[in-house]
Amino acid sequence: MADSSLENDIYILALQNAVKNKAVPRAGAVLGSVMGAHPELRSQAKEINALLPAILAKVEALSPEDREAQLRELNPEAIEKMHEKKERIHELPTLPDAEGGVVMRFAPNPSGPLHLGHARASVLNDYYVRKYGGKFYYRVEDTDPKRVDPEAYDMVSEDLKWLGIGITDVIYQSDRFEIYYEHARELIKLGGAYMCDCDNAEFRDLKLKKQACPCRDLSVEENLKRFDDMLAGKYEEGQITMRVKTDIAHPDPAVRDFAAMRVLKEPKHPRKPEIFVYPLMNFSVAVDDHLLGMTHVIRGKDHIANTRRQ
């Protein structure tokens with residue numbers, strides 16, 4: 001490449017930088033552009049660097065309008081590219097195995113009006129149900145009376161309506177206590193759960209040491225008796241817990257024999273004041289997701305750890 005041709009190429013690249021950034025470029029920026037456009041010139045870096053001060057002075061002497069006019073004359077394609085409007089397409093990722101339709105759910109606790117995180121989750125689920133077809137359940141997860149605001153039942157429904165969410169059906173977990181009790185019994189019969197009356201602090205210490213508590217080896221018959229006694233009101237709060245039998249040496253302590261059902265006598269549930277045995281979230285959610293045929297679940301990062309327990 002002749003010197004004049006090289007100098008002309010550098011000048012054009014310097015003009016492009018100046019027009020794009022509306023300022024005279026630094027020598028290093030132009031040198032980088034030259035090396036990027038003409039990698040075969042790397043061996044001539046010193047020669048190119050020596051040419052830059054004069055070329056940049058020439059660019060600096062031009063007004064912004066003249067720089068653009070010269071660039072349009074020397075490299076019209078560069079100008080067109082700069083003014084070309086790029087259409088940005090934003091599209092959510094596809095769901096695997098969804099072409100035949102989906103069953104999804106929005107399942108907040110009725111503790112108050114929807115916050116932005118809730119609204120985002122409901123909109124995402126709604127988008128996929130509309131895209132693939134199927135069912136979208138609004139499942140009210142109200143099995144912890146300590147976290148239930150009676151006014152929130154209507155508040156959340158009104159918020160979802162305002163957002164235009166296409167709910168197929170509404171499910172109240174507080175209408176399903178007998179279903180949870182039935183599946184708890186089945187799990188005990190299968191040897192997958194046990195009734196633990198250990199002190200909570202004592203159980204926690206054993207769990208952190210990857211050691212089983214004495215209740216873990218109780219017979220199925222004894223566990224069923226304790227479960228029925230729990231439903232009969234023979235235990236007070238903190239005296240009995242149904243635990244799912246998992247890997248007691250699991251790397252995540254939260255997974256080790258996690259609690260699935262407990263006694264809670266105060267406060268009373270606003271919809272079911274007679275209830276005092278409550279399933280914990282990871283049990284009731286697993287039961288409902290199975291029975292309702294959920295195909296896909298969108299979780300927030302704060303619930304990723306629950307995936308292993310459900």
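**How the strands and helices are called**

Tutor: In this predicted model, strands β5 (residues 241-244) and β6 (residues 259-263) run antiparallel and are joined by three bridges.

Student: What makes β5 and β6 a pair?

Tutor: Pairing needs at least two bridges between two strands. Three bridges join β5 to β6, so they count as paired. One of the contacts to look up is Thr 241, whose bridge partner in β6 is Arg 262.

Student: Which order do the strands of the open sheet have?

Tutor: The order is β4-β5-β6-β7, four strands with antiparallel pairing.

Student: Why is one side of β4 and of β7 left without a neighbour in the sheet?

Tutor: β4 (193-196) and β7 (277-279) stand at the edges, and each has a single partner strand, so one side of each has no neighbour there. On average, neighbouring strands are turned by 20 degrees against each other, direction ignored.

Student: Which strands does helix α8 touch?

Tutor: α8 (residues 177-189) packs on the sheet and touches β4, β5, β6 and β7, with its direction at about 75 degrees to that of β7. Helix α10 (residues 220-231) also lies across β4, β5, β6 and β7, at about 60 degrees to β4.

Student: How do you know that the reach of α6 is close to the expected one?

Tutor: Helix α6 (residues 116-132) has 17 residues, and 1.5 Å a residue gives an expected 24 Å. From first C-alpha to last, α6 reaches 25 Å, close to that value.

Student: What makes Leu 124 in α6 buried?

Tutor: Buried means under 20% relative accessible area, and Leu 124 is among the residues of α6 that are buried. The buried residues of α6 pack against β1 (102-106), β2 (134-140) and α7 (152-163).

Key
Residues numbered from 1 in each chain as written. Predicted model: local features only at pLDDT ≥ 70, side-chain atom pairs only at ≥ 80, totals over all residues. Heavy atoms only, no water. Helix = DSSP H or I, 4+ residues; strand = E, 2+ residues; numbered from the N terminus. Expected span 1.5 Å × (residues − 1). Buried < 20%, exposed > 50% of the residue type's maximum accessible area, 1.4 Å probe, protein only. Contact = heavy atoms within 4.5 Å. Axes fitted to C-alpha atoms, helices over the stretch in contact; angles between N-to-C directions.
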